[in-house]
Amino acid sequence: MKPFGLVASIVALVAAIAASIAFGVTNIPLSVVWDSLAHFNGGNEHLVIRTTRVPRALIAASAGACLAVAGAVMQVITRNPIAAPSTLGVNAGAVFFIILATGWLNVSGLQALTWVALIGAAASGAFVFFLGSIGRDGMTPVKITLAGASMAAFFYSLTQGLMLSDGKMFDQVLVWLVGSVAGRDLSQLAAVWPYMGCGMLIALLLAGPLNVLAMGDEIARSLGQNTNLVRTLAAAAVILLAGGSVAVAGPIAFIGIIIPHIVRFLVGNDHRWILPYCAVLGALLLVAADLGSRFIAMPREVPVGVTTAILGVPFFVYLARKELRT
Amino acid sequence: MNNTKFAWFRSPRFRYAWLLHKRALRVSGILLVMCAVLMVASIAIGSQYVPPATVVKAVFGQADPMNQVIVEKLRMPRAIVAVLVGASLAAAGAVLQGIIRNPLTSPDVVGVTEGASFGAVLFVYVFTNQVSIHWMPLASILGAFAVTGLLYVLAWKKGVSPLRLVLIGIGISAAIKSLSYMLIVSGPLQLADRSLTFMTGSIYGVSWERDVATLLPWIAVLLPFTWLQARKVNIQVLGDDIAVSAGARVQRDRLLLLLLSVSLAGSAVAIGGAISFIGLMAPHMARRLTGPSFGSLLPVSALLGAIILLAADLMARTVFFPRDIPAGVFTAAIGAPFFMYLLYRKRNGT
């Protein structure tokens with residue numbers, strides 16, 4: 001049943017990606033989509049597909065997958081059902097570094113900023129991680145949660161302060177402040193793909209140990225698990241996954257919280273299933289939300305976060321009422 | 001736990017005992033002094049410096065006319081509003097963290113703040129130039145209560161469980177935020193400007209008649225009343241099973257506490273806008289200073305909230321002088337380093 005569901009979700013994801021490439025302000029028949037990939041002729045439609053639609057769909061899929069997996073891992077290591085990738089301060093750190101780089105160091109160009117975002121995410125995540133693991137009892141869920149939440153708030157507030165002190169900076173960085181998957185380049189995705197891939201690999205390899213850790217630190221330790229090591233590796237995976245996705249798509253909220261809950265409802269508590277399902281369904285939700293955001297206020301687009309909420313919230317509330325396993 | 005560590009205040013008539021830790025008394029004393037000093041500093045510093053001694057004189061109406069006007073009309077209401085808003089946000093967060101039992105909970109997470117913002121945005125969107133802007137606080141309080149009502153109904157299923165409450169709260173607050181955003185985007189430009197200031201949270205341009213007079217009675221009743229419920233919060237913290245077997249009426253208490261929290265947060269947000277961080281972090285700071293018993297947690301949280309907002313507002317007025325930046329920008333810039341220091345100092349447990 002579970003493998004079948006996973007295959008079905010993957011099919012749905014492929015269909016959603018195809019739809020996302022085909023539909024928009026100009027609708028392009030699927031045969032032309034195929035042609036543009038197989039026999040590129042430099043025509044208008046082919047150009048739109050290659051430079052706009054395909055990068056957009058792929059970025060949405062990768063970011064959605066990464067955020068959902070990172071969220072599932074975060075909820076285990078903080079043992080908190082409302083933890084999200086941003087709880088580790090990764091998003092706020094990335095955005096702050098971008099503001100700092102554009103405003104004070106005159107770095108520009110999306111490619112360079114992708115790297116800045118990645119560095120910011122890693123620095124902030126590493127500091128939270130350090131702050132959460134000092135002390136005799138090592139890294140405890142409460143400490144890491146609080147360290148992350150206060151770090152996120154701190155960076156967020158510095159960001160706002162910097163922006164208010166310089167008006168024109170606001171326009172340049174606005175594109176980073178609201179998460180979006182539009183207007184990005186395929187080379188940006190290529191730059192962060194290795195990190196996302198590494199993070200995903202670590203997370204998937206940790207699925208078994210995460211199952212043990214989810215039972216609680218004392219049980220995990222008495223079963224012989226080195227909980228600090230598992231938490232460290234898991235936090236590294238979250239930094240890679242969330243850092244990669246914020247670097248390419250900006251801070252997209254909410255997916256990292258709800259997808260893990262939806263998946264747990266569907267497949268139970270085994271992370272060897274939860275994590276792959278999270279990856280596929282997270283990608284599906286973000287691709288679908290991105291597709292939807294083109295049609296709500298056509299020809300203008302609404303931010304993908306808004307559509308994510310519109311699509312995700314009713315289902316999520318329904319599930320929360322029905323029965324949520326945590 | 002040793003009885004000598006507690007100062008017992010027992011009323012012979014009413015059956016109340018505030019389980020107040022002696023350390024909490026000492027900490028509150030220190031914080032109270034800090035708060036008073038900051039208030040004086042906040043009144044003294046500004047484009048026109050007023051010496052602290054004159055400030056104290058002006059409070060009693062004994063200063064020269066010029067300084068009297070500056071202190072009485074301009075700076076004092078602002079300092080008082082900062083104290084009230086900060087204290088009630090922190091208290092609301094402390095109550096909410098008690099009933100939901102999740103360290104990440106704050107009025108923003110369960111949608112109270114988003115509801116209040118939505119009320120304010122909707123008010124500006126629908127009634128611009130028709131109804132006086134003075135009614136905006138009422139609209140945002142109504143928004144906060146409406147969203148909480150919706151949350152409670154959706155989370156109700158033979159009682160509300162803390163987990164359902166917070167998860168559905170996250171969902172609702174995301175949805176409401178999207179709605180606010182759609183309104184802002186489709187409305188006129190001035191709406192966007194005003195809404196963004198509201199969503200950051202600021203306390204400039206407050207006046208005695210409008211802001212202090214509406215906020216003070218509410219808070220003066222709500223805060224002590226919340227304090228009297230300390231026992232109920234303490235029992236909720238233990239979890240539903242223990243609370244029920246200890247004889248608490250869990251669902252009724254939870255509704256009462258939720259309403260108290262919304263009233264506190266809603267009225268604070270209505271006047272000060274969606275100021276972040278205080279509702280989340282002030283209770284954690286207090287917990288690290290005095291321990292988890294709600295009787296001491298509430299006053300210490302409230303004082304910390306007041307201090308953070310006073311300091312943030314002072315910084316917002318002076319650092320980028322002459323620009324007056326919303327205080328909500330600086331609450332975390334001031335509070336977070338202090339909290340991280342506390343995390344570091346208490347790294348081996350209390």
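Two residues are taken to be in contact when their C-beta atoms, placed from the backbone, lie within 7 Å. On this criterion, in what is a predicted model, 37 residues of chain A are in contact with 38 residues of chain B. On the side of chain A that touches chain B, helices α6 (141-165), α12 and α14 each supply at least two residues, and the greatest contribution comes from α6(A), with 16 residues. Sorted by class, this side of chain A comprises 24 nonpolar, 10 polar and 3 charged residues. For the complex, the predictor gives an ipTM of 0.81 together with a pTM of 0.86; in chain B the mean pLDDT is 85, with 94% of the residues reaching 70 or more. Where pLDDT is low, predicted coordinates should not be read in detail.

Helix α12 of chain A, one of the helices that supply residues to the side touching chain B, spans residues 255-267. The 13 residues of this helix reach 18 Å from the first C-alpha to the last, close to the 18 Å expected at 1.5 Å a residue. Of these 13 residues, 11 are buried, so α12(A) is largely enclosed by the rest of the structure. The buried set consists of Ile255(A), Gly256(A), Ile257(A), Ile258(A), Ile259(A), Pro260(A), His261(A), Ile262(A), Val263(A), Arg264(A) and Val267(A). Their packing partners in chain A are α1 (2-22), α3 (44-77), α13 (271-295) and α14 (304-322), and these are joined by α6 (162-186) of chain B. After the helix comes Gly268(A), with a positive phi near 90°.

Within α12 of chain A, Gly256(A) has 31 other C-beta atoms within 10 Å and is therefore buried, the cut-off being 20 or more. When residues up to four places away in sequence are not counted, Gly256(A) touches Leu67(A), Ala68(A), Ala70(A), Gly71(A), Ala84(A) and Pro85(A). Among these, Ala84(A) is 172 residues from Gly256(A) along the chain, yet the two C-alpha atoms are separated by 5.3 Å. In helix α1 of chain A, Ala16(A) is likewise buried, with 22 other C-beta atoms within 10 Å. With neighbours within four places in sequence left aside, the contacts of Ala16(A) are Leu284(A), Val287(A), Ala288(A) and Leu291(A).

Two packed helices are described by the angle between their axes and the distance between the axes. In chain B, helix α3 (residues 65-100) packs with helix α8 (residues 208-228) at an angle of about 35°, the axes being 10 Å apart, and the crossing is left-handed. To this contact α3(B) brings Pro77(B), Ile80(B), Val81(B), Leu84(B), Ala87(B), Ser88(B), Ala91(B) and Val95(B), while α8(B) brings Trp208(B), Asp211(B), Val212(B), Leu215(B), Leu216(B), Ile219(B), Leu223(B) and Thr226(B). The residues of the contact divide into 13 nonpolar, 2 polar and 1 charged.

Also in chain B, Val250(B) belongs to helix α11 (residues 250-272) and is buried, with 21 other C-beta atoms within 10 Å. Leaving aside neighbours within four places in sequence, Val250(B) is in contact with Asp240(B), Ala243(B) and Val244(B). The C-alpha atoms of Val250(B) and Ile235(B), which are 15 residues apart along the chain, are separated by 8.7 Å.

Most residues other than glycine have a negative phi. Against this background, two loop residues of chain B may be noted. Arg101(B), which is not a glycine, has a positive phi of about 55° and is found in the loop between α3 and α4 (112-127) of chain B; this residue is partly exposed, with 16 other C-beta atoms within 10 Å. Lys158(B) also has a positive phi, near 50°, and lies in the loop between α5 (136-155) and α6 of chain B. With 6 other C-beta atoms within 10 Å, Lys158(B) is exposed.

Definitions and conventions: Residues are numbered from 1 along each chain as its sequence is written. Chains are lettered from A and ligands numbered from 1 in the order in which they are written. This is a predicted model: local features need pLDDT of at least 70, side-chain atom pairs count only at pLDDT 80 or more; totals for chains, interfaces and linings use all residues. Helices (H or I, at least four residues) and strands (E, at least two) are DSSP runs, numbered from the N terminus. The expected span of a helix is 1.5 Å times one less than its number of residues. A residue is buried if 20 or more other C-beta atoms lie within 10 Å of its own, exposed if 12 or fewer, and partly exposed in between; C-beta atoms are placed from the backbone. Axes are lines fitted to C-alpha atoms, for helices over the stretch in contact, and angles run from 0 to 180 degrees between N-to-C directions. A crossing is left-handed if the near helix is turned anticlockwise from the far one by less than a right angle, and right-handed if clockwise. Ala, Val, Leu, Ile, Met, Phe, Trp, Tyr, Cys and Pro count as nonpolar, Asp, Glu, Lys and Arg as charged, and the others, Gly among them, as polar. pLDDT is the predictor's confidence in each residue, from 0 to 100.
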